[in-house]
Amino acid sequence: MKSVVVTSLGLVTFAGFLAPPVHAAPVESAAEVKRPVAEGYGGAVATVDLDASTAALSVLRQGGNAMDAAVAGAAALGVTEPYSAGLAGGGFIVYYDARKRKVTTIDGRETAPRAMTSAAFEGIPFDEAVTSGLSVGVPGSVAQWDTALRRYGTMPLRQALRPAIEIAEKGFVVDQTFHDQTQQNAGRFADFTSTASLYLPGGQPPPVGSVFRNPDLARTYRELGIRGPAWLYGGALGREIVATVKKPPVRQGATRNVRTGLMEVSDLRAYRALERPPTKVTYKGLDVYGMAPPSSGGSTVGEALKILEALPKVGLHEYLEASRLAFADRNAYVGDPAYVDVPLDQLLSDGFAKARACLIGPRAIAHPAAPGSPDGSYAPCPSATPGASVPEEKKEGPETTHLVVTDRWGDVAAYNITIEQTGGSGIVVPGRGILLNNELTDFTFGPAPGDPNLPAPGKRPRSSMAPTIVLKDGRPLLAVGSPGGATIITTVLQILVNRLDFGMSLPEAVAAPRASQRNTAATQAEPAFTERYGAELTALGHTLTDVPGPPAGEIGAATGLEFLRNGRVQAVAEPARRGGGSALVVSPRR
């Protein structure tokens, strides 16, 4: 179905990886190269991928705004980062409207089918749940794109999809990350006929340096632009997705136990992307905006920042302890607000932060930290007794992706996109070139009475995605986000602490070695972090452990923006993680 050919195109080498070439149609300049930092004027973008960044940049150069460019970039990532993003996935947008000087959010999180119950995943091994129709949530991305463009964009969906269509047709150069992610998924991809024919041509992952094309996805995007979102939400494309969920195209002779799904066309018709108020906390005179539930990103990053603000000093020990406490509260209280009474105002209040901060002493809190009582009545410091035992965490990987965009008017989009696991459910819709998500595995499997994140009909699973925008005096200062499962929260928090407390520049804050404490017995840490800070933190009672990956030893793959003086913007991506990212500006000069 697909051709993958070795090319002799001129390639740009960065951090040991082969970067894709620039495609002429979606980009006005043929001089764009993959680099992690760019500064300039007129708009800026940062993603993990040069093709996606140039797609978004082309929209800015055509006169589109930040929301137009964010949708175009997300659609392009669905081509070049298909194991992390796509139209069958979902995500969260935090958006600053410069004209109104207001921050809003758009919730495109997937939902459970109406037939799903709280016991749907009980007794099912996690790996079996991932690679199944049962894990596929009702997709939210297309409804989110439509809502975003209608309310805040300037162009129709069919126009925003054009750069992605061009890339899918002409192809992109396979880099080491794409090859490795395909290899890691090869066993399960091979068990689905549609997935194997697309991503395992000749039975093998596409080699580094070859050109990968996805004409089925190009046709799907083109028809989506013509027919509109209703084609998915109750129309023919929706019926194809439901048919695939209910009868996955399993290869004859495969021994994998692939469970069928519960989704119906009526679930698709009922789906809505929701505009929600953002979370907001003040931190050292700055306003920090994030994504409210069903994401736990805004509440957990915000709570941790408020805890840090209540402490006399902020260092790495304090960063880890604030994160530990905020995660204890996240796990106890945060879920879909349509199903759970989330005490969001109290979780982000000064009083609750002070009560939690007083538990942080010179040594690490005994594991596990107990959740607090965000009830508005905060007595003097309680004793730091351990909480109940907590279940083993799932392995965290590089799943999900994040982009940031700003335009010449000062609008800003921070956008997390996901299909959950790297490679989603592993199931490609035949003839459509799209991977289905496994988003419903973000629910708690149970039995867990009272857990706020148990499955329910129509419920949105709790997420860790944390697109974040920071304002100073009402105007943008920073925008940041990352992939990485639950480590998204700690990555964003650590970047903010690096930038705002430790005095690093934004590129330094993104590149710095990371550690992630999520109310677990051991703190996951990158090798450079352990080498630099391990002895000091171990002496304070912390236990550091290696990041299991894949890829081993890496946490997150962040992108960010900083708004400098006189209208100058700095776009920042990773210099090395996940093969390094791509930062671009409309013009380096006024």
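**Figure 1. Around L274, a strand residue and its contacts.** Leaving aside neighbours within four places in sequence, L274 is in contact with T105, I106, D107 and R460. This is a predicted model, as are all the views that follow. L274 itself belongs to strand β9, which covers residues 274-276. Its relative accessibility is 30%, so L274 counts as partly exposed.

**Figure 2. The whole protein, for orientation.** The protein has 18 helices and 21 strands, and its C-alpha trace spans about 65 × 60 × 45 Å along the principal axes. A compact globule of 590 residues would have a radius of gyration near 25 Å, and the 22 Å found for this protein agrees with that. Buried residues account for 63% of the 590. Of the contacts between residues at least 6 apart in sequence, 73% join residues at least 24 apart.

**Figure 3. Helices α2 and α4 side by side.** Here α2 (residues 66-80) packs against α4 (residues 141-152) at an angle of about 160 degrees, and the two axes are 9 Å apart. An angle over 145 degrees counts as roughly antiparallel, and the two helices are therefore roughly antiparallel to each other. The crossing of α2 past α4 is left-handed. On the α2 side, the contact is made by M67, D68, V71, A74 and A75, while α4 brings W145, A148, L149 and Y152. By class, these residues comprise 8 nonpolar, no polar and 1 charged. As you trace the contact along each helix, keep the helical repeat in mind: with 3.6 residues a turn, residues three or four places apart point the same way.

**Figure 4. Helices α12 and α15 crossing.** Helix α12 (residues 297-309) and helix α15 (residues 350-357) pack at about 65 degrees, with axes 8 Å apart. That angle makes α12 roughly perpendicular to α15. The crossing is right-handed. E303, K306 and I307 of α12 meet D350, F352, A353, R356 and A357 of α15. The residues of this contact divide into 4 nonpolar, no polar and 4 charged.

**Figure 5. Helix α6 and what covers it.** Helix α6 runs over residues 162-170, and its buried residues are P163, A164, I165, E166, I167 and A168. The elements covering them include α1 (50-61), α2, α5 (157-160), β7 (172-173) and α9 (215-227).

**Figure 6. G64 in the loop between α1 and α2.** Take a moment to find this glycine in the loop that links α1 to α2. With a relative accessible area of 3%, G64 is buried. Not counting residues up to four places away in sequence, G64 touches V59, T154, M155, D407 and W409. G133 is 69 residues from G64 along the chain, and the C-alpha atoms of the two are separated by 38 Å.

**Figure 7. Two cis peptide bonds.** The bond from H367 to P368 is cis, with omega near -10 degrees, and P368 lies in the loop between α15 and β12 (401-407). A cis bond also joins G549 and P550, with omega about 5 degrees. P550 is found in the loop between β18 (544-546) and β19 (559-563).

Figure 8. Most residues other than glycine have a negative phi. D473 has a positive phi, near 55 degrees, and lies in the loop between β14 (468-472) and β15 (475-481). At 66% relative accessibility, D473 counts as exposed. R578 also has a positive phi, near 55 degrees, in the loop between β20 (569-573) and β21 (582-587). R578, however, counts as buried, at 7% relative accessibility.

Definitions and conventions. Residues are numbered from 1 along each chain as its sequence is written. This is a predicted model: local features need pLDDT of at least 70, side-chain atom pairs count only at pLDDT 80 or more; totals for chains, interfaces and linings use all residues. Side-chain values use heavy atoms; hydrogens and water are left out. Axes are lines fitted to C-alpha atoms, for helices over the stretch in contact, and angles run from 0 to 180 degrees between N-to-C directions. Helices (H or I, at least four residues) and strands (E, at least two) are DSSP runs, numbered from the N terminus. Angles under 35 degrees count as roughly parallel, over 145 as roughly antiparallel, 65 to 115 as roughly perpendicular and the rest as oblique. A crossing is left-handed if the near helix is turned anticlockwise from the far one by less than a right angle, and right-handed if clockwise. Contact means heavy atoms within 4.5 Å. Ala, Val, Leu, Ile, Met, Phe, Trp, Tyr, Cys and Pro count as nonpolar, Asp, Glu, Lys and Arg as charged, and the others, Gly among them, as polar. The radius of gyration is taken over C-alpha atoms; the globule rule is 2.2 Å times the number of residues to the power 0.38. Buried means under 20% relative accessible area, exposed over 50%, partly exposed in between (1.4 Å probe, protein chains only).
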